[in-house]
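Hi,

Here is the model I promised to pass on.

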Amino acid sequence: MSSHHQGKNQRRVIVIGAGIGGLTAGALLAKRGYAVRVFDLAIVPGGCASTFRRQGFTFDVGATQVAGLEPGGIHHRIFSELGINLPEATDCDPACAVFLPGETTPINIWRDPEQWQLERQRQFPGSETFWQLMATLFRASWQFQGRDPVLPPRNLWDVWQLIKALRPDTMVTVPFTLMTVGDALGWLGLQRDKRLKTFLDLQLKLYSQVNAQETALLYAATALGVSQSPQGLSHLKGSMQVLSDRLVEGLEKHGGELFMRHTVKQIQVTETGASTVTILNQKTGEIWTEQPDLIVANVPVQNLVNLVELPKGSENLFQQLYRRRVENLPPASGAFVVYLGVKQEAIPENCPPHLQFLYDYKGEIGENNSLFVSVSRVGDGRSPEGMATITASSFTDTQIWTNCEDYSQLKQQYETEAIARLGGYFTLNPETIVYQESATPRTFARFTGRDRGIVGGVGQRVATFGPFGLATRTPIPHLWLVGDSTHPGEGTAGVSYSALTAVRQIEAEGY
Ligand SMILES: Cc1cc2nc3c(=O)[nH]c(=O)nc-3n(C[C@H](O)[C@H](O)[C@H](O)COP(=O)(O)OP(=O)(O)OC[C@H]3O[C@@H](n4cnc5c(N)ncnc54)[C@H](O)[C@@H]3O)c2cc1C
């Protein structure tokens, strides 16, 4: 760390993990005068939003589209505070083209609100009351979130932030806090609209990890509303790595330090709170401990409870309840992702940047019956000239991969099946496919350290959403949690909100 940044009274922070959550928290803390060191076990920062290169192609590991780049959007706000440039990006319009089973014309989620209204009225006749309700809830929730409430509140300062963010128009959302999308559809007499339900299942599963029946209504309102202007989704020029690289620039500009290939093995807790971090340098094999003033963990909450080491019998009631709650969370999903480097001729003309396919729907979006597909654009820096990348992901049960007898065979089977399905839309054959590779939960576990390779955070059911979600404050003093396990949930925009919340709480604590 450059010495002129390190004041005598500077508080020392260790951030565990350089995902978008950890980098954002680290950079903001550095900007606000803390001495920050970020440790990450991987080779490149960015976690689920990083990239890898193969034969001239650049593949986005997981996240491919970004929300919150518009003025007032969360990435925009944070980049402004850090004094770094926003990455170059193009609009996703349509945000997504959704193909239901057996259909060849997609449902296009247009960026223009009126165009999207016309599209959905045509696609789902009689459902406008539902969409109007969602629009009303989205407007109120969005403005509320923009005033930086702290959710769920854990102390008086948090409650105060929450109250300050409330306005009369927020009240319209309150009666809906305990409702799911399924409840709203029932209430509006739309539960028999199978096509609408299937579409919602497909879209919501992407953002909330669960289907329409279970997704918290207020969360759904946001997830379904961000694709339209003045918000909207963006496709980054270069690759997703640009987002992390800029945040690293912000971190280092303000005197913070990043250490890659350093694994945090343990967080030791004493009676006064989290105290000691044990770190392994993967290159040298050296293991040492540090005693920062505070710790920000950017790992799934399931990892956090495994990292924390409390002397036996010394867990207080809150710590016990927290651990029990985490152990009892419904199983989280993993992802199976196929990465293809192809000749441009494999891509149909006017192909939208994101597509979603559902195959032979049996009532549950699960193993391999849906694919979320991202396609590179000409000149977006992801492929050599005349080529393109296709990334397709599906949800998968992590247990299948931990318990399987022949891992490589199973992986091969999933890869072949996914490519065959993609062949229904793209021209895929040995001639057009230049490179192929896939990732399973085991791959995610290895490269991002995520427990069993789970991705996407805690499902946004009513019981785990908003006021009932996981807080950035943990029951252990001096230990914060940021990332997709905490409110407001997954996505690069979501985890940036959680990072900002933790940073504000840390400052307010007077550290
Ligand atoms: C297939 C897929 C597609 C997705 N698509 C999108 C999308 O289009 N748009 C979008 O916004 N979101 C998308 N997401 C979700 C998004 O990628 C994540 O929610 C977000 O990137 C998570 O960020 P994070 O900072 O919480 O955690 P992570 O990205 O998981 O970062 C955690 C970091 O911590 C490090 N780490 C973990 N344990 C340790 C340890 N013990 N010591 C040191 N370092 C450690 C890891 O190496 C990692 O870098 C997608 C996710 C997946 C899997």
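Gln55 sits in the loop between strand 3 and strand 4, and its phi is near 45°, a positive value in a residue other than glycine. Helices (H or I, at least four residues) and strands (E, at least two) are DSSP runs here, numbered from the N terminus. Before you zoom in, bear in mind that this is a predicted model: local features need pLDDT of at least 70, side-chain atom pairs count only at pLDDT 80 or more, and totals for chains, interfaces and linings use all residues. Residues are numbered from 1 along each chain as its sequence is written, and side-chain values use heavy atoms, with hydrogens and water left out.

The peptide bond from Leu151 to Pro152 is cis, with omega near -20°; Pro152 belongs to the loop between helix 4 (128-146) and helix 5 (156-165). The bond from His487 to Pro488 is cis as well, with omega near 0°, and Pro488 is in the loop between strand 21 (479-481) and helix 15 (492-508).

On to the domains. The bounds come from an automatic or database domain assignment, which gives domain 1 (3-48 + 68-88 + 239-330 + 457-508), domain 2 (116-225) and domain 3 (333-453). Between the C-alpha centres of domain 1 and domain 2 there are 28 Å. Their contact (heavy atoms within 4.5 Å) takes 24 residues from domain 1 and 26 residues from domain 2. About 2300 Å² is buried between the two, with carbon and sulfur atoms giving 57% of that; buried area is the accessible area (1.4 Å probe) that two parts lose on being put together, summed over both. On the domain 1 side, Gln460, Val462 and Arg504 supply 23% of the area buried against domain 2, more than any other three residues.

There is also an open sheet of four strands, in the order 13-12-11-15, with mixed pairing. Two strands pair if DSSP finds at least two bridges between them. Strand 13 and strand 15 (308-309) are the edge strands, each pairing on one side only. How do strand 12 and strand 13 run? Strand 12 (residues 273-281) and strand 13 (residues 287-290) are antiparallel and joined by four bridges, and Ile279 has Trp288 of strand 13 as its bridge partner. Their hairpin has five residues between the strands, and within it Gly285 takes a positive phi near 80°.

Everything was done on a 1 Å grid over the protein atoms alone: a cavity is a set of points where a 1.4 Å probe fits but cannot get out, a pocket is an open set with protein on both sides within 12 Å along at least five of seven lines, and lining residues have an atom within 4 Å of a point. Grid points are joined across faces, edges and corners, and a volume is the space filled by probe spheres set on the points.

The second largest pocket holds about 750 Å³. It has 28 lining residues, and Val44, Thr51, Phe52, Val61 and Phe447 lie nearest its centre. Helix 14 provides the largest share of that lining, six residues. Domain 1 and domain 3 each contribute at least three residues to the lining of this pocket. By class, the lining has twelve nonpolar, nine polar and seven charged residues (Ala, Val, Leu, Ile, Met, Phe, Trp, Tyr, Cys and Pro count as nonpolar, Asp, Glu, Lys and Arg as charged, and the others, Gly among them, as polar).

The count comes to seven cavities of 30 Å³ or more. The largest cavity has about 100 Å³ of space, and its lining divides into eight nonpolar, two polar and two charged residues. Helix 11 (317-327) gives the most to that lining, with three residues; others in the lining include Leu304, Pro475 and Leu479.

The second largest cavity has about 60 Å³. Its lining has two nonpolar, seven polar and two charged residues, among them His235, Ser374 and Arg382. Strand 4 gives the most there, with three residues.

Cheers
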